[in-house]
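Trainee: Could you take me through how pockets, a helix face and disulfides are read in a model?

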Amino acid sequence: MLRRFNAAMVGVALLCLTTACSADAGDASGMRAGEACGEFAHDPSVEAALTKIAGTDRFSDHGSEPRKALATLRASDGEVGAFETMGVPNCLLRPASGGEQLVTIYFREAVVILKANSDSEKTSTYYRTGASAASEERVSSVYFHCRMAKPKKDIIVNARLERESKVKISGKEAADSQMIVLNAAARSVAQQLGCQGTDLSTSAPKAISGVYGPH
């Protein structure tokens, strides 16, 4: 009887080794933050910021439309119709196990750049990156110029991040982390488009005015 028991336990142990049936196996599913959506968040600081605002370090990016986002921007015509105001979800992140969206990053063409003013600075924090960049509690936005060679055109691009996660983080921490993530996503798209003259920050954007700017 003892020999049978020992044999059974060895079999279970071998099964666990081949199927990763440890207590943490579920945590290893999906993609890491730095692997999702074309690896735009591969830098450790960006990966940490994305993990912070999403409340998890494992994702599914099913539903993202990066090819459509790039194609739409390349086809920009200087006019924005009503259906284009939201943009294309270049990166849509859900928990690895599925469920509701955690973070979504949209891209679209813009015809005007919304910049800081005395009213908007009461609710938003503005950052030094692109032509204009702002963060609120759950939404961040970056405008940047894109001078393309193929096709040859000069457009304004708006990148917008919406945070749907329920994770609780402070206002400043959320605003800064969202901007770090969005700036990295904007740089990635700009590089794929071959944009020149973006003025996008190569490091974490600095707050320059508004709610959490210098006072």
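Trainee: Which residues lie nearest the centre of the second largest pocket, and how many residues line it?

Mentor: Before the answer, note that this is a predicted model, in which local features need pLDDT of at least 70 and side-chain atom pairs count only at pLDDT 80 or more, while totals for chains, interfaces and linings use all residues. Residues are numbered from 1 along each chain as its sequence is written, and side-chain values use heavy atoms, with hydrogens and water left out.

Mentor: Rolling a probe the size of a water molecule over the atoms shows where empty space is left. A pocket is an open set of points, on a 1 Å grid over the protein atoms alone, where a 1.4 Å probe fits, with protein on both sides within 12 Å along at least five of seven lines, and lining residues have an atom within 4 Å of a point. Here the second largest pocket is lined by 19 residues, and those nearest its centre are Leu114, Ala134, Ser141, Tyr143 and Arg160. The elements that give two or more residues to this lining are β6 (132-135), β7 (139-148) and β8 (153-163), strands being DSSP runs of E with at least two residues and helices runs of H or I with at least four, numbered from the N terminus.

Trainee: How many disulfides does the structure hold, and which parts of the chain do they link?

Mentor: A disulfide is a covalent bond between the sulfur atoms of two cysteines. The structure holds two disulfides (cysteine sulfur atoms within 2.5 Å). One joins Cys37 to Cys91, with an S to S distance of 2.1 Å, and this pair links distant parts of the chain, Cys37 being in the loop between β1 and α2 and Cys91 in strand β3, 54 residues apart. In the other, the sulfur atoms of Cys146 and Cys195 are 2.0 Å apart; Cys146 lies in strand β7 and Cys195 in the loop between α4 and β9 (207-210), so the pair ties together parts that are 49 residues apart in sequence.
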